Amino acid sequence: MKRPTLEAVAARAGVSRATVSRVVNGSATVNPRIRAVVLRAVAELGYVPNPAARSLVTRRTGSIGLVVSEPPARVFSDDPFFSLVLRAVSQELEAADKQVVLMMASSPAGYDRVERYVAGRHVDGVILLSQHGSDPLPAALVRTGVPVVSHGRPVSTTRPPYCDADNVGGARAAVGHLLARGRRRVATITGPVDMSAGLDRLAGYRELMSGSGRRSLVAVGDFTRDSGAAAMSQLLEDDPDLDAVFAASDLMAIGALRALRGAGRRVPDDVAVVGFDDIEAARFTDPALTTVRQPVAEVARTLVRMLLDGVADGAGPVILPTELVVRDST
């Protein structure tokens with residue numbers, strides 16, 4: 001059976017082809033009575049608009065690009081952050097009858113591919129995720145004229161509108177909790193220092209430590225379990241008397257728990273541990289992990305709404321609150 005055409009719908013409805021085109025493309029200039037006749041003809045014939053032709057008329061693709069500046073091995077690892085963002089973006093777009101296009105870029109070739117795709121207007125907007133300081137995409141994609149927003153504060157000098165969790169405030173709450181519990185030698189395991197989340201959580205830690213007159217004890221991680229374990233071992237070697245650690249992600253905190261157990265340190269008796277994220281696994285560590293809950297999914301949904309509502313251009317940052325969740329590790 002041949003696919004019904006606009007001309008067939010027009011003949012069935014007794015209107016022009018141009019009128020049918022305006023109706024199926026959502027134009028508000030068509031008389032409601034005529035619109036109803038056309039839509040009835042569409043339903044009777046089973047007409048389905050051609051997406052490519054419709055895009056030419058509306059200059060819209062119905063797609064939003066989610067650009068992740070990480071290699072596939074990192075995106076599809078055991079870190080639930082990426083799946084939480086993808087799920088939230090997909091659900092929000094599905095409710096708006098739109099779709100997400102996932103693009104990953106972690107090399108010059110990847111950056112070029114993403115830039116060409118976006119510049120070709122294959123998406124109506126872009127959400128940037130997991131940016132690093134050397135990432136050229138924020139500036140390159142802003143230049144295309146396609147609306148761009150960022151999940152997290154951009155580190156680059158080109159700063160598209162963004163939504164983020166209160167990373168500084170969350171870190172202050174974590175360290176303040178440890179100090180209030182009487183801990184005196186509080187260390188931190190940072191995230192990557194070329195990412196805003198790593199920098200902001202380190203800034204919150206240092207602010208509280210400076211205000212308390214205590215010395216900062218810092219080791220750098222990369223938000224993974226293994227880096228948390230390695231950083232914890234380094235901190236114990238640098239200061240065997242430390243009695244608390246704030247890890248800038250739950251996965252690093254879980255790695256730190258493993259290293260502390262291997263070193264014969266009891267948690268929280270000898271060393272208290274706080275993480276950041278409140279991933280599901282935080283409730284099932286031994287002991288259960290005290291952490292800072294951040295609204296990863298709500299940040300993603302907010303960014304989708306910014307793009308769909310057309311408020312991305314020139315919008316100021318949106319910062320959502322975090323919450324300290326106290327469990328047995330402190």
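This is a predicted model: local features need pLDDT of at least 70, side-chain atom pairs count only at pLDDT 80 or more; totals for chains, interfaces and linings use all residues.

Reader: How many residues does H11 have, and what span is expected for H11 at 1.5 Å a residue?

Author: H11 has 14 residues, and from its first C-alpha to its last it reaches 20 Å, close to the 20 Å expected. The expected span of a helix is 1.5 Å times one less than its number of residues. As for the labels, helices (H or I, at least four residues) and strands (E, at least two) are DSSP runs, numbered from the N terminus. Residues are numbered from 1 along each chain as its sequence is written, and side-chain values use heavy atoms, with hydrogens and water left out.

Reader: Which residues of H11 are buried, and what covers them?

Author: The buried ones are Ser227, Gly228, Ala229, Ala231, Met232, Leu235 and Leu236. Buried means under 20% relative accessible area, exposed means over 50%, and partly exposed is in between (1.4 Å probe, protein chains only). The cover over the buried residues of H11 includes S6, S7, S8 and H12.

Reader: What makes a set of residues a nonpolar core, and which residues touch the most other members of the largest one?

Author: A nonpolar core is a set of buried Ala, Val, Leu, Ile, Met, Phe, Trp, Tyr and Cys residues joined through side-chain atoms within 4.5 Å. The largest nonpolar core here has 42 residues, and Ile189, Met232, Leu235 and Phe246 touch the most other members. Elements giving two or more residues to this core include helix H9 (167-180), helix H10 (196-212), helix H11 (225-238) and helix H12 (250-262). H12 supplies the largest share of this core, six residues. Take Met232: not counting residues up to four places away in sequence, Met232 touches Ile189, Leu242, Val245, Ala256, Ala259 and Leu260. Apart from this core lies another core, of 22 residues, among them Ile64, Val85, Val89 and Ala300.

Reader: Why are H1 and H2 called roughly perpendicular?

Author: Helix H1 (residues 6-13) and helix H2 (residues 17-24) pack at about 105°, with their axes 8 Å apart. Angles of 65 to 115 degrees count as roughly perpendicular, under 35 as roughly parallel, over 145 as roughly antiparallel and the rest as oblique. So H1 is roughly perpendicular to H2. The axes are lines fitted to C-alpha atoms, for helices over the stretch in contact, and the angles run from 0 to 180 degrees between N-to-C directions.

Reader: Which residues of H1 and H2 meet?

Author: Leu6, Glu7, Val9 and Ala10 in H1 meet Arg17, Val20, Ser21 and Val24 in H2; contact means heavy atoms within 4.5 Å. By class, the residues of this contact are five nonpolar, one polar and two charged. Ala, Val, Leu, Ile, Met, Phe, Trp, Tyr, Cys and Pro count as nonpolar, Asp, Glu, Lys and Arg as charged, and the others, Gly among them, as polar.

Reader: And how do you know how H2 and H3 are oriented to each other?

Author: The axes of H2 and helix H3 (residues 32-45) come within 10 Å and cross at roughly 85°. Therefore H2 and H3 are roughly perpendicular to each other. The contact of H2 with H3 has seven nonpolar, one polar and one charged residues.

Reader: Is Thr157 buried or exposed, and how do you know that?

Author: Thr157 has a relative accessible area of 83%, so Thr157 is exposed. You'll find Thr157 in the loop between strand S4 (148-151) and strand S5 (162-165).

Reader: What about Thr224: buried, partly exposed or exposed?

Author: At a relative accessible area of 22%, Thr224 is partly exposed. The loop between S7 and H11 holds Thr224. Leaving aside neighbours within four places in sequence, Thr224 is in contact with Arg74, Leu251 and Met252.

Reader: What is said about phi of Asp97 and of Ser130?

Author: Most residues other than glycine have a negative phi, and most peptide bonds are trans. Phi of Asp97 is near 60°, a positive value in a residue other than glycine, and phi of Ser130 is also near 60°. Asp97 is exposed, with a relative accessible area of 71%, whereas Ser130 is buried, at 7%.

Reader: Which residues does a cis peptide bond join?

Author: One joins Val267 and Pro268, with omega about 10°. Another joins Asp286 and Pro287, with omega about 0°. Pro268 is in the loop between H12 and S9, and Pro287 is in the loop between S9 and strand S10 (291-293).
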